[in-house]
Amino acid sequence: MATTAATVSDKNLWKGGVEPLKASYGKLMMWFFLLSDALTFSGLLVTYGFSRFSHPTNAAQTVFSAKYWPLPEKVFTHIPFTHMPAPLVFVGIMTFILIMSSVTMVLAVEAGHRMDKAAVQKWMLWTILGGFAFLGCQAWEWTIFITGSEKGLIEEGIQIIGANLKGNEYGPVLFANLFFFITGFHGTHVLSGVLINILVFYNVSIGTYERIGHYEMVEKVGLYWHFVDLVWVFVFTFFYLV
Amino acid sequence: MAHAHNDHSEIQILPPDKAKIRKIWMTTLYLGLATGIEFIAAFTMSAGPVKTILFVLLTFFKTFYIVGEFMHLKYEVKMLIWSIVMPVTFICWFIGAMLTEGHSVEVLRDWVQTWYTNMIQK
């Protein structure tokens with residue numbers, strides 16, 4: 001016990017008087033929550049893989065068809081304010097925004113270790129801004145996908161314009177469903193992340209963590225934020241690129 | 001650190017840790033480069049196993065840096081690392097099983113379709 005007391009500061013001890021895995025209770029529980037969330041997201045992405053493998057694909061796809069699984073680079077070709085086709089560029093920008101907001105989050109955590117309140121505030125604000133920018137881009141992406149093209153898809157005399165849960169001009173309806181579920185579930189995570197970030201920013205500003213003596217809450221919300229970024233890395237590769 | 005705990009009225013702000021911040025930006029650079037390579041490969045390489053494997057490897061590379069450096073898992077105790085990584089390995093089985101199953105559904109769908117068409121023609 002003497003050695004434990006020497007290396008572990010009192011604030012980290014759990015109610016049983018020890019510190020399992022040398023992690024605070026909150027951080028450890030955040031890790032296990034993220035683990036369960038990772039399983040949920042892999043369930044969604046694996047469903048996408050299953051659906052894609054169970055549909056025929058057409059590598060030289062020139063027109064869309066309800067029979068063939070669409071190539072994402074033929075579907076997501078629009079960037080705001082322009083009319084030139086730019087496949088996946090917008091998604092690339094979204095990825096960049098989210099990675100950068102992850103970086104500002106680590107910088108906030110680093111500032112928290114030094115008890116530098118002003119720096120924590122600055123980096124938390126950048127992170128929140130990045131989160132909002134990402135959500136805005138995603139709303140735009142959804143709008144483009146839901147609105148669809150002017151002509152739409154005409155198959156067996158029926159015209160389908162845009163995509164929703166019942167019809168999809170770019171391919172099987174399942175593709176649209178999975179798009180809404182996967183990016184929607186991720187977007188909900190980003191939204192809740194932004195809200196928690198705002199709450200933590202407020203607490204930083206009124207000096208709550210200075211009073212407690214450490215900025216561990218910034219670290220915990222940071223873990224969540226990086227996880228959301230990580231999920232996007234997977235969505236980017238396995239939904240948009242492959 | 002010890003001061004900050006004993007004395008709450010006086011908060012000691014430490015100067016930025018240059019080495020740590022440099023490491024954060026280096027990690028950012030690696031993540032950016034990996035994403036850049038993925039982006040270029042998406043347009044220059046033709047679809048096939050090589051392209052898919054490249055994407056998977058780069059995604060793992062990014063995961064390693066995000067989880068290891070940004071989420072700090074690399075510096076936690078070994079038992080904590082394993083208790084996160086071990087359950088995740090089950091997902092690999094999940095992916096393999098479901099992709100095989102999905103492919104089987106496609107093959108059988110064609111087979112059933114052909115069988116049905118032939119039956120009608122007879």
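Predicted model: local features only at pLDDT ≥ 70, side-chain atom pairs only at ≥ 80, totals over all residues.
1. **The interface in outline.** Chain A gives 52 residues to the contact and chain B gives 50. Together the chains bury about 4,600 Å². Of that area, 78% lies on carbon and sulfur atoms. Three residues of chain A stand out: A:Trp31, A:Phe53 and A:Arg114. They supply 15% of the area that chain A buries against chain B, more than any other three residues.

2. **Polar links across the interface.** The rule finds zero salt bridges between chain A and chain B. Polar contacts do occur there: seven residue pairs, with both residues at pLDDT 80 or more.

3. **Which parts of chain A touch chain B?** Helices H2 (25-53), H4 (89-113), H7 (208-212) and H8 (216-241) of chain A each supply at least two residues. H2(A) brings the largest share, 13 residues. By type, this side of chain A divides into 32 nonpolar, 11 polar and nine charged residues.

4. **Helix H2 of chain B.** This helix covers residues 18-44, 27 residues in total. Its span from first C-alpha to last is 39 Å, close to the 39 Å expected at 1.5 Å a residue. Its buried residues include B:Ile24, B:Leu31, B:Glu38 and B:Ala42. Three threonines are also among them: B:Thr27, B:Thr28 and B:Thr35. What do the buried residues of H2(B) pack against? Their partners are helix H3 (72-75), H4 and H8 of chain A, together with helix H3 (49-70) of chain B.

5. **A buried charged pair in chain B.** B:Lys62 and B:Glu38 meet in a salt bridge, 2.9 Å from N to O. B:Lys62 sits in helix H3 of chain B and B:Glu38 in helix H2 of chain B, so the pair ties together parts that are 24 residues apart in sequence. B:Lys62 has a relative accessible area of 0%, so it is buried. B:Glu38 also counts as buried, because its relative accessibility is 0%.

6. The structure holds six salt bridges over all chains. Side chains of opposite charge can pair when their charged atoms come close. A:Glu110 forms a salt bridge with A:Arg114, with the closest N and O atoms 3.1 Å apart. A:Arg114 also meets A:Asp116 in a salt bridge, at 3.3 Å from N to O. Shared partners join A:Glu110, A:Arg114 and A:Asp116 into one network. A:Glu110 and A:Arg114 are both buried, and A:Asp116 is buried too. A:Arg114 is also one of the three residues named in the first point for their share of the buried area.

7. **A:Asn168, a loop residue.** This residue lies in the loop between strand E2 (158-160) and helix H6 (173-205) of chain A. Is A:Asn168 buried or exposed? It counts as buried, because its relative accessibility is 1%, where the cut-off for buried is under 20%. The side chain of A:Asn168 reaches the backbone nitrogen of A:Tyr170 at 2.9 Å. A polar atom of that side chain also lies 2.8 Å from the backbone oxygen of A:Pro172.

8. **A:Trp140, partly exposed.** A:Trp140 is found in helix H5 (residues 117-147) of chain A. At 36% relative accessibility, A:Trp140 counts as partly exposed. Leaving out residues up to four places away in sequence, A:Trp140 touches A:Pro80, A:Phe81 and A:Phe90. A:Pro172 comes 32 residues from A:Trp140 along the chain, and their C-alpha atoms are separated by 22 Å.

Terms used
Residues numbered from 1 in each chain as written. Chains lettered and ligands numbered in written order. Heavy atoms only, no water. Contact = heavy atoms within 4.5 Å. Buried area = accessible area lost by both parts, 1.4 Å probe. Salt bridge = Lys/Arg side-chain N within 4 Å of Asp/Glu carboxyl O. Polar contact = N/O pair within 3.5 Å; in protein donor to acceptor, adjacent residues only side chain to side chain. Helix = DSSP H or I, 4+ residues; strand = E, 2+ residues; numbered from the N terminus. Nonpolar A, V, L, I, M, F, W, Y, C, P; charged D, E, K, R; others polar. Buried < 20%, exposed > 50% of the residue type's maximum accessible area, 1.4 Å probe, protein only. Expected span 1.5 Å × (residues − 1).
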